[in-house]
Amino acid sequence: MSRRDAAHRASDAIGAALYGLATRAVRRLPRDMSLTSAATLATLDKTGPRRITDLAVAEGVTQPAMTVLVRVMEESGLVERKGDPSDKRVTLVCLTEAGASYVRTRRQAGVDAYARLIDELTDDEVEALAAALPALLRLAELESHADRSRTGDRGPGA
């Protein structure tokens, strides 16, 4: 087997492992809201206030569907609408403190779940994961750039 074939096999195996972990993590999430709602809150937490049209593109739903979703989250106290200070014609969707707290709590629950699993690994396995951390963080960075490229994201409130 060539070095290139071995690298491709390793990439496939790593990709499959990461995909499997992510899929199981999503399945473990609380069912207190839709995945699109939770993803929208996480997007707002990461990027700051956004237009409904930008949120719809980022989450892969129609603008009318995002309008309904935002209305429901607004009624739940998780988001609020505010005028854009740079363009009074534009309304931005913003996280409320309750929405930000929800995102932090949900994220911490995921971190805690993985920490419990990592605690079951051997010292050598934990060291291997720690050594891989820079590469994993770089993968997250690359994925974030790919997300922005796919959605045409120009940043908050753009």
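Helices (DSSP runs of H or I, at least four residues) and strands (DSSP runs of E, at least two residues) are numbered from the N terminus in all the legends below. The structure is a predicted model, in which local features need pLDDT of at least 70 and side-chain atom pairs count only at pLDDT 80 or more, whereas totals for chains, interfaces and linings use all residues. Residues are numbered from 1 along each chain as its sequence is written, and side-chain values use heavy atoms, with hydrogens and water left out.

**Figure 1. Overview of the protein chain, with its 6 helices and 2 strands.**
Read from the N terminus, the elements follow the order α-α-α-α-β-β-α-α, and the C-alpha trace spans about 60 × 35 × 25 Å along its principal axes. The protein chain has 158 residues, of which 25% count as buried; here buried means under 20% relative accessible area, exposed means over 50%, and partly exposed lies in between, with a 1.4 Å probe and protein chains only. The accessible surface of the protein chain comes to about 10700 Å², and 58% of this surface belongs to carbon and sulfur atoms; accessible areas come from the Shrake-Rupley method with a 1.4 Å probe, and for residues only the protein chains shown count as cover. Among contacts with a separation of 6 or more, 52% are between residues 24 or more positions apart, a contact being heavy atoms within 4.5 Å.

Leu 55 counts as buried because its relative accessibility is 0%. Not counting residues up to four places away in sequence, Leu 55 touches Thr 40, Thr 43, Leu 44, Arg 50, Met 66, Val 70 and Val 93. One of these residues, Thr 43, is 12 residues from Leu 55 along the chain, and the C-alpha atoms of the two are separated by 7.9 Å.

**Figure 2. Thr 43 of helix α2 and Arg 50 of the loop between α2 (35-47) and α3 (52-59).**
Thr 43, at 13% relative accessibility, counts as buried, and the residues that it touches, not counting those up to four places away in sequence, are Gly 48, Arg 50, Leu 55 and Glu 59. The side chains of Thr 43 and Glu 59 are joined by a polar contact of 2.4 Å; a polar contact is a pair of N or O atoms within 3.5 Å, where within protein one must be able to donate a hydrogen and the other to accept it, and residues adjacent in sequence count only if both atoms are side-chain atoms. Arg 50 is also buried, with a relative accessible area of 2%, and its side chain makes a polar contact of 3.2 Å with the side chain of Thr 47.

**Figure 3. The hairpin of β1 and β2, with 2 residues between the strands.**
Strand β1 (residues 79-84) and strand β2 (residues 87-95) pair in the antiparallel sense over 6 bridges, where two strands pair if DSSP finds at least two bridges between them. The bridge partner of Asp 84 in β2 is Asp 87.

**Figure 4. Salt bridges, of which a search of the whole structure finds 7.**
A salt bridge is a side-chain nitrogen of Lys or Arg within 4 Å of a carboxyl oxygen of Asp or Glu. Arg 106 forms a salt bridge with Asp 32, with 3.5 Å between the closest N and O atoms. Because Arg 106 lies in helix α5 (residues 97-118) and Asp 32 in the loop between α1 and α2, this pair ties together parts that are 74 residues apart in sequence. Arg 106 is buried, with a relative accessible area of 11%. The side chains of Glu 74 and Arg 81 also meet in a salt bridge (3.0 Å, N to O); Glu 74 is partly exposed at 31% relative accessible area, and Arg 81 is partly exposed at 32%. In a further salt bridge, the side chains of Lys 82 and Glu 80 meet at 3.3 Å, N to O, with Lys 82 partly exposed at 43% and Glu 80 partly exposed at 30%.

**Figure 5. A nonpolar surface patch of about 670 Å².**
The patch is made by Ile 14, Leu 18, Leu 21, Leu 133, Leu 136, Leu 137, Leu 139 and Leu 142, and the elements that give two or more residues to it are α1 (3-28) and α6 (123-151). Helix α6 gives the most, with 5 residues, while Ile 14 lies in helix α1. Patches are made of residues with over 30% relative accessible area and no salt bridge, like charges being joined within 9 Å and nonpolar side chains (Val, Leu, Ile, Met, Phe, Trp, Tyr) within 5 Å.
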